[in-house]
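Try each task yourself before you read the solution.

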Amino acid sequence: RYQPVIEKEFGEEYDMVHMNIAQFTALALGGDPLRVCGFQTHSVDLTDFLETL
């Protein structure tokens with residue numbers, strides 16, 4: 001949740017994907033990224049990550 005704050009503080013772009021184990025498991029089992037995994041609530045945009053999958 002604080003990645004944008006940390007990036008601003010240090011002047012760096014980290015571009016890391018963070019998800020909790022329940023989200024990762026649901027995604028691995030074929031869950032919809034928005035309806036099941038709740039990725040729209042993340043403060044870091046996961047669009048590129050999801051397109052890669």
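Two residues are in contact when heavy atoms of theirs lie within 4.5 Å. Keep in mind that the model is predicted.

**Exercise 1. The whole chain**

Task: Describe the protein chain by its elements, its box, its surface and its contacts.

Solution: 
- Begin with the elements: the protein chain has three helices and zero strands, and from the N terminus on they run α-α-α.
- Next, picture the box that the C-alpha atoms fill, which is roughly 35 × 20 × 15 Å along the principal axes.
- Of the 53 residues in the protein chain, 19% are buried.
- Finish with the contacts. Among those with a separation of 6 or more, 28% join residues 24 or more positions apart.

**Exercise 2. The faces of α2**

Task: Work out how the buried residues of α2 (21-28) are arranged around the helix.

Solution: 
- Pick out the buried residues of α2, which are Q23, A26 and L27.
- Now look down the axis of α2: these buried residues fall within an arc of 100°, so they line one face of the helix.
- Check the other side of α2, where I21 and A28 are exposed.
- Last, ask what covers the buried residues of α2; the cover includes α3 (47-52).

**Exercise 3. A charged residue inside**

Task: Find where E7 sits and whether it is buried or exposed, then look for a partner of opposite charge.

Solution: 
- Locate E7 in helix α1, which spans residues 3-10.
- E7 turns out to be buried, yet it has no salt bridge.
- A salt bridge needs a side-chain nitrogen of Lys or Arg within 4 Å of a carboxyl oxygen of Asp or Glu. For E7, the nearest side chain of opposite charge belongs to K8, 11 Å away.
- Now list the neighbours: leaving out residues up to four places away in sequence, E7 touches E12, E13, Y14 and D15.

Technical notes
Residues numbered from 1 in each chain as written. Predicted model: local features only at pLDDT ≥ 70, side-chain atom pairs only at ≥ 80, totals over all residues. Heavy atoms only, no water. Helix = DSSP H or I, 4+ residues; strand = E, 2+ residues; numbered from the N terminus. Buried < 20%, exposed > 50% of the residue type's maximum accessible area, 1.4 Å probe, protein only. Lys, Arg positive; Asp, Glu negative; His and termini not counted. Arc of directions from axis to C-beta.
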